[in-house]
Amino acid sequence: MSTSLANQENLFDKWVDQLKVEAPHSSNQPSINLPYQRWFRFKEAYSPQLVSDIVSSLETRPVTVLDPFGGCGTTAVTCQFLGITPTAIEVNPFLADLTQSKLSQYDLNDLKSAKLDLLQAVDRIHITQKDIDKYPPTFCEPGIKDRWLFSEALFHRILQYKAVINSFEDQDVKRLFKVVLGSCLIPVSNVLIDGKGRKYRKNWLENQSKVDDFEELFLQKLDEVICDIREYGAKTRDFNLLKGDCREQIKNVQSFDLSIFSPPYPNTFDYTDVYNVELWILDYIKSNEQCLSLRSETLRSHVQVKRDYGNIYAKSFLLEQVEKQLKEIEQNLWHKDIPSMVGAYFSDLGGLLMEMRTKIAVDGNIIMVVGDSAYKSIRVPVADILEEIAISIGYKTHKKEVLRKLRTSYQQGRRQDLDETMLWVVPSS
Ligand SMILES: C[S@@+](CC[C@H](N)C(=O)[O-])C[C@H]1O[C@@H](n2cnc3c(N)ncnc32)[C@H](O)[C@@H]1O
């Protein structure tokens, strides 16, 4: 083994040594306090251990690894630690920046002086009512119907921080500071992310965060980020990040040996909605039209935006059965488009797998972590359907393993009976 690879592995071992919580590797629980992963709490992430276990089980060490649904960058960051060049695709611009900031290299002195500049300049920024009016009215007191996300003083302070960060010339430093600011927003807001949406905290009016709480949290997060970079900045430098819709961006990927990913599940959960606060406040979206257009670029796993639900790529007997069953109970579903959305979901993934088939190495591997969904009594067995589709387009199954049981939605009584499965496929010839 070369010295640099051995050093790399030592760094990786030191990093994952901190995975302390016993929990399934498909959950983010073991890694919420792990350096890099603690930069932003991303509930939908899997653990780096899932990625490293797969890599170490392979006979040949992969050179390029692809994650078309990058999220907070778990696959990509873990691969960088392992000395493998990652390619990540992510449609949500805040999450793409989060990933890029984890994968980039920094000069620690630049970060320290940016912190000083920020603290010196922030009081000089003047925020006007016109600045506030650019955001959805629920964001700032007095809000709508006596509800708001941030008090007026706090929202002013957040916008002051953002204005200084936006004035940074170094794009890497600017992106990193934006991510730190993004990671403080929900924790100091009056809401928490619950299930598929936001929910006001208990007694939120009396317990609203103050400007001091925000500033303390921001500095604490920034120090953690700088500490992680100081400790682990020597991980591999190479990476590719494609920002946008993987159904399009996959065409820009040359080739890959291994792909590990977890797409959104067909459970009508719209990630754009959930990360709306970060997207608006950090200027990734500036109008409802931009928000709608971002939602339309996401995988067709939800019904919040009106769009075409045509299915052109998914050939599966099982899917036909499920669609038929869903159509039969269409009247009782909370949205009439759910049956077609389910078909469209598999069409999107089928199209992606088809494109990936033209780029995967002959001895390459694709590992997907997917969760089943349920609508009324109808179960959508995602891994089984995807397996049929993958086989129909030139893959064969290497392994299929249930990783854990997920809960059904509140409407379904929160029963713990949906499978989250790892489906591992390889080219069939
Ligand atoms: C389950 S999460 C992935 C989590 C990731 N494995 C991790 O550990 O951070 C799915 C991700 O897919 C992204 N996504 C949804 N539609 C997409 C699309 N069309 N192209 C690229 N990314 C998409 C979502 O924004 C979300 O970040």
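Colleague: Does Asp 146 count as buried or exposed, and what is its relative accessibility?

Modeller: In this predicted model, Asp 146 counts as exposed because its relative accessibility is 62%, above the cut-off of 50%. Asp 146 is found in the loop between helix 6 and helix 7, and its phi is near 60°, a positive value in a residue other than glycine.

Colleague: Which peptide bond is cis, and where does its proline lie?

Modeller: The bond that runs from Glu 141 to Pro 142 is cis, with omega near 10°, and Pro 142 belongs to the loop between helix 6 (129-132) and helix 7 (152-166).

Colleague: What is the phi of Asn 203, and where does Asn 203 lie?

Modeller: Phi of Asn 203 is near 50°, again a positive value in a residue other than glycine, and the residue sits in the loop that links strand 4 (197-200) with helix 9 (211-232). Asn 203 is partly exposed, since its relative accessible area is 47%.

Colleague: What surrounds Ser 101, and which backbone oxygen does its side chain reach?

Modeller: Ser 101 is part of helix 4 (residues 93-103) and counts as buried because its relative accessibility is 0%. Its side chain reaches the backbone oxygen of Leu 98 at 2.8 Å, and, leaving aside neighbours within four places in sequence, Ser 101 is in contact with Trp 39, Tyr 106, Arg 175, Leu 176 and Val 179.

Colleague: How many disulfides does the structure hold?

Modeller: A disulfide is a covalent bond between the sulfur atoms of two cysteines. The structure holds zero disulfides. For Cys 227, the closest cysteine sulfur, in Cys 184, is 16 Å away, which is too far for a bond, and for Cys 291 the closest one, in Cys 246, is 19 Å away, likewise too far for a bond. Cys 227 is partly exposed, with a relative accessible area of 29%, whereas Cys 291, at 10% relative accessibility, counts as buried.

Colleague: Which residues come nearest to the ligand, and how does the shell around the ligand divide?

Modeller: Of the 25 residues around the ligand, those that come nearest are Cys 72, Thr 74, Glu 90, Asp 245 and Cys 246, and the shell divides into 13 nonpolar, eight polar and four charged residues. As for backbone atoms, an N or O atom of Tyr 46 lies 3.1 Å from an oxygen atom of the ligand, an N or O atom of Glu 297 lies 3.0 Å from a ligand nitrogen, and a polar backbone atom of Leu 299 is 3.0 Å from a nitrogen atom of the ligand. The ligand on its own has 610 Å² of accessible area, of which the protein covers 99%.

Key: Residues numbered from 1 in each chain as written. Predicted model: local features only at pLDDT ≥ 70, side-chain atom pairs only at ≥ 80, totals over all residues. Heavy atoms only, no water. Helix = DSSP H or I, 4+ residues; strand = E, 2+ residues; numbered from the N terminus. Buried < 20%, exposed > 50% of the residue type's maximum accessible area, 1.4 Å probe, protein only. Polar contact = N/O pair within 3.5 Å; in protein donor to acceptor, adjacent residues only side chain to side chain. Contact = heavy atoms within 4.5 Å. Near = heavy atom within 4 Å. Areas by Shrake-Rupley, 256 points an atom, 1.4 Å probe, with all protein chains shown as cover. Nonpolar A, V, L, I, M, F, W, Y, C, P; charged D, E, K, R; others polar. Disulfide = S-S within 2.5 Å.
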